Amino acid sequence: KLSEAKVKEWAEALRSRELMGEDETIIEHTNGDCWEFLSQTRGNIFFTEKSMIFTGGLLGSTCYVYPYDKITEVKKCNVGGLIKIIPTGIKVTYENEKGKIKKSRLSTLKRKDWIEYINGKVSGLN
């Protein structure tokens, strides 16, 4: 759990990079990884009123924002290098800003709880 000071620090950083709106607050946080092709980027996953945000890598160089109203599916998946055997993955299917359907693989501990949380946010918008 992040301290109140850390939440404030992260919120300011996310707002300054336009990853989070001025009217949003960080509600939840977990450590997590983003898996792309053969690379794994360690980072943080933040949950606000409107979106899920992943930021990680060197100086937060890898960032993804998943607005809840653009997420079409969230489900379990395995992650890993060539052979995906690590059962901590969450596959997020969403529509990007250009209207294209994209899929991201994130991983975190307690993925079942996080999938339920995300699905609650997504279904709460419909």
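Modeller: A salt bridge requires a side-chain nitrogen of Lys or Arg within 4 Å of a carboxyl oxygen of Asp or Glu. Please bear in mind that this is a predicted model. The structure holds three salt bridges.

Biologist: What makes the contact between Lys6 and Glu9 a salt bridge?

Modeller: The N to O distance between the two side chains is 3.5 Å, and the limit is 4 Å. The contact therefore qualifies as a salt bridge. Both residues belong to helix α1, which spans residues 4-16, and they are three residues apart, about one turn of the helix.

Biologist: Why are Lys6 and Glu9 called partly exposed?

Modeller: Buried means under 20% relative accessible area and exposed means over 50%, with partly exposed in between. Lys6 has 37% relative accessibility, so Lys6 counts as partly exposed. Glu9, at 49%, is likewise placed in the partly exposed class.

Biologist: What makes the contact between Glu49 and Thr25 a polar contact?

Modeller: Their side chains approach to 2.5 Å, and the criterion asks for N or O atoms within 3.5 Å. Glu49 is located in the loop between β2 and β3 and is partly exposed because its relative accessible area is 36%. Leaving aside residues up to four places away in sequence, Glu49 touches Asp23, Glu24, Thr25, Ile27 and Tyr68.

Biologist: How do you know that Thr30 is buried, and which side chain makes a polar contact with that of Thr30?

Modeller: Thr30, in strand β1, has 12% relative accessibility and therefore counts as buried. Its side chain is joined to that of Thr108 by a polar contact of 3.1 Å, which meets the 3.5 Å limit. Apart from residues up to four places away in sequence, Thr30 touches Asn44, Ile45, Phe47, Thr108 and Trp114.

Biologist: How many aromatic pairs does the structure contain, and why is the pair of Trp10 and Phe46 called tilted?

Modeller: A search of the whole structure finds six aromatic pairs. The ring centres of Trp10 and Phe46 are 4.8 Å apart and their planes meet at 50°, so the pair is tilted: planes under 30 degrees apart would count as stacked, and those over 60 as edge-to-face. Trp10 lies in helix α1 and Phe46 in strand β2, so this pair ties together parts 36 residues apart in sequence. Trp10 is partly exposed because its relative accessible area is 25%, whereas Phe46, at 0%, counts as buried.

Biologist: What makes the pair of Phe47 and Trp114 stacked?

Modeller: The angle between their planes is 5°, and stacking calls for under 30 degrees. The centre-to-centre distance is 4.8 Å, within the limit of 6.5 Å. Phe47 is in strand β2 and Trp114 in helix α2 (residues 111-125), 67 residues apart. Phe47, with a relative accessible area of 1%, is buried, as is Trp114 with 14%. Ring pairs link Phe47, Trp114 and Tyr117 into a cluster.

Biologist: Why does Phe37 count as exposed, and which residues make the nonpolar surface patch?

Modeller: Phe37 counts as exposed because its relative accessibility is 76%, with the threshold at over 50%. Phe37 lies in the loop between β1 (28-36) and β2 (39-47). The patch, about 750 Å², is made by Phe37, Leu38, Leu82, Ile83, Ile85 and Ile86.

Terms used: Residues numbered from 1 in each chain as written. Predicted model: local features only at pLDDT ≥ 70, side-chain atom pairs only at ≥ 80, totals over all residues. Heavy atoms only, no water. Patch = residues over 30% accessible without salt bridge, like charges linked within 9 Å, V, L, I, M, F, W, Y side chains within 5 Å. Areas by Shrake-Rupley, 256 points an atom, 1.4 Å probe, with all protein chains shown as cover. Helix = DSSP H or I, 4+ residues; strand = E, 2+ residues; numbered from the N terminus. Buried < 20%, exposed > 50% of the residue type's maximum accessible area, 1.4 Å probe, protein only. Contact = heavy atoms within 4.5 Å. Polar contact = N/O pair within 3.5 Å; in protein donor to acceptor, adjacent residues only side chain to side chain.
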